[in-house]
Amino acid sequence: MLCDPDPIEDASLPIAGERFVVDLSGALYWESERLLVVSDLHLEKGSSYAMRGVLLPPYDTVATLGRLGAVVTRYNPKTVIALGDSFHDRDAHDRLSDANRDILSALQVGRDWIWIAGNHDPALPANLGGCVAGEIALGGVVFRHEPTGAHGEIAGHLHPKARVSRRGRSVERRCFAGDGTRVVMPAFGAYTGGLNIRDAAFAKLFGGAAFMAHVLGDNRLHAIASSRCC
């Protein structure tokens, strides 16, 4: 159902009169602005858990930066916006290895890089490169971490996932939750979980109105009414 044999294809997503390309990695690309958006990288989540005695394989940062590098190479954006919770906790940036710090620095070369502050990383240091902001407005589009339901909003924070059942089989995938005027992006990080779009948080955000789950399949995007998800 969501594992199509077709070649990977881009899909466009309308947001407040603008069209964004959806990348199956979970990123958005605004072609006219040469702007790439990712959300909720949660770098160093593995090391954060290890500090509390929960041992996870310590490869999440490498995996996330690898995916980020691939999508940056694919689009060669002029600007990258990371929509908050780029780091899993307030000290996570200090735990970056030298090698991973070098990877991040290389991705920033020749482009503007904007870190949006999130609830996990509200005080990002200047030595990460790029600049830090609470939110950014460009034309009729506003980029922020926590969604408010405002028109033209692109946000993260909620890590939307959709579960779809068909012929007795259930599949759960990351998705974009949107109604054409605003969208909540999926988490980009390797170790991030997700919140089912049938959760009350989404109903509140969209005011009870119909919205779509733009589900990330193996090879293409699937637009499914949220009411059809389970």
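Where is the place of R34? In this predicted model, R34 belongs to the loop between β3 (28-30) and β4 (35-38). Its phi is near 50 degrees, a positive value in a residue other than glycine. Most residues other than glycine have a negative phi. The relative accessible area of R34 is 36%. R34 therefore counts as partly exposed, a class that lies between the limits of 20% and 50%.

A positive phi is also found at D85, again near 50 degrees and again in a residue other than glycine. D85 sits in the loop between β5 (79-82) and α3. With a relative accessible area of 2%, D85 is buried, since buried means under 20%.

Helix α2 covers residues 60-75 and helix α3 covers residues 98-108. The angle between them is about 15 degrees, and their axes are 11 Å apart. Because angles under 35 degrees count as roughly parallel, α2 and α3 are roughly parallel to each other. Their crossing is left-handed.

On the α2 side, the contact is made by T61, V62, L65, L68, G69 and V72. On the α3 side, the residues are N100, I103, L104 and L107. The residues of this contact comprise seven nonpolar and three polar ones, with no charged residue among them. G69 of α2 is counted with the polar group, as Gly is placed there.

Note on methods
Residues are numbered from 1 along each chain as its sequence is written. This is a predicted model: local features need pLDDT of at least 70, side-chain atom pairs count only at pLDDT 80 or more; totals for chains, interfaces and linings use all residues. Side-chain values use heavy atoms; hydrogens and water are left out. Axes are lines fitted to C-alpha atoms, for helices over the stretch in contact, and angles run from 0 to 180 degrees between N-to-C directions. Helices (H or I, at least four residues) and strands (E, at least two) are DSSP runs, numbered from the N terminus. Angles under 35 degrees count as roughly parallel, over 145 as roughly antiparallel, 65 to 115 as roughly perpendicular and the rest as oblique. A crossing is left-handed if the near helix is turned anticlockwise from the far one by less than a right angle, and right-handed if clockwise. Contact means heavy atoms within 4.5 Å. Buried means under 20% relative accessible area, exposed over 50%, partly exposed in between (1.4 Å probe, protein chains only).
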